[in-house]
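Open the structure in your viewer and keep the selection tool at hand. The stops below say what to select and what is there.

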Amino acid sequence: MTKKVEKVDTDRRGFMKLAAIGAAAGGATLASGKASAEEAPKSATAAGYRESEHVKTFYKSARF
């Protein structure tokens, strides 16, 4: 039993329509603010970049 695979006709107009819809959806997401990382609460135990003494030492040794 063989399955027929339908080839999707992609043309420039169809691509531009989908690109416009995607851009509008992305803009709406950003405008709603739900994708913003600034709203996330920062805890004191959160892992992240800290400029400690060993990092400062590395910066000093890496200078040319």
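Rings of Phe, Tyr and Trp (for Trp, the six-membered ring) count as a pair if their centres lie within 6.5 Å; planes under 30 degrees apart are called stacked, over 60 edge-to-face, and the rest tilted. The model is predicted, so local features need pLDDT of at least 70 and side-chain atom pairs count only at pLDDT 80 or more, while totals for chains, interfaces and linings use all residues. Residues are numbered from 1 along each chain as its sequence is written, and side-chain values use heavy atoms, with hydrogens and water left out.

**The whole chain**

Start with everything selected. The chain has two helices and zero strands; helices (H or I, at least four residues) and strands (E, at least two) are DSSP runs, numbered from the N terminus. Of the 64 residues, 3% count as buried (under 20% relative accessible area; exposed is over 50%, and partly exposed lies in between).

**Helix α1**

Select residues 12–32, which make up helix α1. From the first C-alpha to the last, the 21 residues of α1 reach 30 Å, close to the expected 30 Å at 1.5 Å a residue. The expected span is 1.5 Å times one less than the number of residues. Next, select Gly33, which follows α1 and has a positive phi, near 85 degrees.

Move to Glu53 and Lys56. Their side chains meet in a salt bridge, 4.0 Å from N to O. The term means a side-chain nitrogen of Lys or Arg within 4 Å of a carboxyl oxygen of Asp or Glu. A search of the whole structure finds one. The two residues are three apart in helix α2, and therefore separated by about one helical turn. Glu53 is exposed, at 57% relative accessible area, and Lys56 is partly exposed, at 34%.

Which element holds Tyr59? Tyr59 is in helix α2, residues 53–62. A search of the whole structure finds one aromatic pair. The ring centres of Phe58 and Tyr59 are 6.3 Å apart and the planes are at 50 degrees, so the pair is tilted. Phe58 is exposed, with 51% relative accessible area, whereas Tyr59 is partly exposed at 35%.

Tyr49, Phe58 and Tyr59 form a nonpolar surface patch, with about 370 Å² of accessible area together. Patches consist of residues with over 30% relative accessible area and no salt bridge, where like charges are joined within 9 Å and nonpolar side chains (Val, Leu, Ile, Met, Phe, Trp, Tyr) within 5 Å.

Note on methods:
Areas by Shrake-Rupley, 256 points an atom, 1.4 Å probe, with all protein chains shown as cover. Buried < 20%, exposed > 50% of the residue type's maximum accessible area, 1.4 Å probe, protein only.
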